[in-house]
Structures are given as structure tokens and as C-alpha cells.
Amino acid sequence: AEGPAGPGVYLRAALLPAWPAQAAGPGPFELLSARRMIEPELAAMAARVATDGGIDAVLAAADAMERVLRDSPHDKSACELADRHFHLTLAHATGNGALASVLEHLWSQRGGLWQTLAQLFEAEALREETLADYRRIVHAVAARDPGNARAAMRAHLERYTRALSRG
């Protein structure tokens, strides 16, 4: 084998193994954990900086979710789209495209998580709690109250985490 031709720094392959691949992607509790870190802060940020148009868009998204849950609670696809639309509209109301993109990525990883959560929507009590959560979030954002917006989103996501852990 030939040696280096001159002075300098030479690198060779790392001896440490690569991170193990997660073929199936992150699990539902990992996704919810990440969302619990990010979304309450997005809600607080939206309460601080959203334009009137951004607040109107969040309100419209919450109204759309309410219509879907009341009129078509068994239409899993419509429920998922309305839920996603609410959360992403709130993220975009922050005016921070980078943070909104992070949340979009987390939503794209949901996979089997949504199937499990969609089954939970079959329970009318959870649907009503979700609508009440959305109303609290929207009210706090519209009132420009970051603390209550953060707390309302945190409570919403923690409710889902508890419901999912109960199965």
C-alpha cells in the first residue's frame, strides 16, 4: 500500500458503527413527544405575533374541524385532513416558515399513529374534548395570550398521549 504523497491531515473511515436505521420511522409516542415540545410554543408564538388574517385563518380551521367532527365523525380521512389543517394553520400563523416546516415534517411521519387516533375519535367524549381544546387554543391566540395558548395546546396534546397510551 502506498502512503500519503505529502503533508496534511488524512481521514479514514470511522470505527464507530452508524446509528441504527429506523425502517418504520419514529413511533407514535416519539412523534407526540416532539409535538408536545414544539406545538405549545407555536401556539404561544402565534398569540404574540399572528396577524389578524392569521388569527382568522386559525379560527376558520377550528370551525372546519368542528363541522367535520359533528357532521362526519366516521370519515377518518376528512377528520385527519381537518385536524392537520388546524395544527398547520396555527403553525403558519407564527410567520416562521422554518418552524411550520418542522411541524409539517412531523405530521408527514404519522403513518400508523393516525389510524390509532382515528379509532379514538369514534368516542364522542374525545371528539367533544378535542373541540373544547380547539376553542381554548383559538380563544387564547385571538386574545393574544401566549401563556394560555401554550397551556391549552399542551393540555390538548397530553390528552391525546393519555388516550393513545390507554389504547
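Me: How many aromatic pairs does a search of the whole structure find?
Reply: One aromatic pair turns up. Rings of Phe, Tyr and Trp (its six-membered ring) pair if their centres lie within 6.5 Å; planes under 30 degrees apart count as stacked, over 60 as edge-to-face and the rest as tilted. Keep in mind that this is a predicted model, where local features need pLDDT of at least 70, side-chain atom pairs count only at pLDDT 80 or more, and totals for chains, interfaces and linings use all residues. Residues are numbered from 1 along each chain as its sequence is written, and side-chain values use heavy atoms, with hydrogens and water left out.

Me: Which residues form the aromatic pair?
Reply: Phenylalanine 86 and tyrosine 134 do, and their rings are stacked, with 3.9 Å centre to centre and 15 degrees between the planes. Phenylalanine 86 lies in helix H3 and tyrosine 134 in helix H6, so the pair ties together parts that are 48 residues apart in sequence. Helices (H or I, at least four residues) and strands (E, at least two) are DSSP runs, numbered from the N terminus.

Me: Are phenylalanine 86 and tyrosine 134 buried or exposed?
Reply: Both phenylalanine 86 and tyrosine 134 are buried. Buried means under 20% relative accessible area, exposed over 50%, and partly exposed in between (1.4 Å probe, protein chains only).

Me: Stepping back, how many helices and strands are there in the chain?
Reply: The chain has seven helices and zero strands. Of its 167 residues, 38% count as buried.

Me: And which residues touch the most other members of the largest nonpolar core?
Reply: Those are Val58, Phe86, Leu90, Ile137, Val141, Ala149 and Met153, out of 26 residues in that core. A nonpolar core is a set of buried Ala, Val, Leu, Ile, Met, Phe, Trp, Tyr and Cys residues joined through side-chain atoms within 4.5 Å. Two or more residues each come from helix H1 (28–49), helix H2 (52–71), helix H3 (76–92), helix H6 (124–142) and helix H7 (146–166). H2 gives the most, with seven residues. There is also a second, separate core of eight residues, including Leu31, Ala91, Leu103 and Trp107.

Me: What is valine 141 in contact with?
Reply: Leaving aside neighbours within four places in sequence, valine 141 is in contact with Ala43, Ala46, Ala47, Ile55, Leu90 and Ala149. Contact means heavy atoms within 4.5 Å.

Me: Back to H2: how many residues does it have, and which are buried?
Reply: H2 has 20 residues and reaches 28 Å from its first C-alpha to its last, close to the 28 Å expected at 1.5 Å a residue. That expected span is 1.5 Å times one less than the number of residues. Gly54, Ile55, Val58, Ala61, Ala62, Met65, Val68 and Leu69 are buried in H2. They cover an arc of only 145 degrees around the axis, which puts them on the same side of H2. The arc is that of the directions from the helix axis to the C-beta atoms.

Me: What covers the buried residues of H2, and what sits on the face turned away?
Reply: The cover includes H3 and H6. The face turned away from the buried side carries the exposed residues Asp52, Asp56 and Asp71.

Me: Now H3. Which of its residues are buried?
Reply: Cys79, Ala82, Asp83, Phe86, His87, Leu88, Thr89, Leu90 and Ala91 are the buried residues of H3. Histidine 87 has 1% relative accessibility, and threonine 89 has a relative accessible area of 13%.

Me: One last topic: where is arginine 144, and what is its phi?
Reply: Arginine 144 is found in the loop between H6 and H7. Its phi is near 55 degrees, a positive value in a residue other than glycine. Most residues other than glycine have a negative phi. Arginine 144 is partly exposed, with a relative accessible area of 34%.
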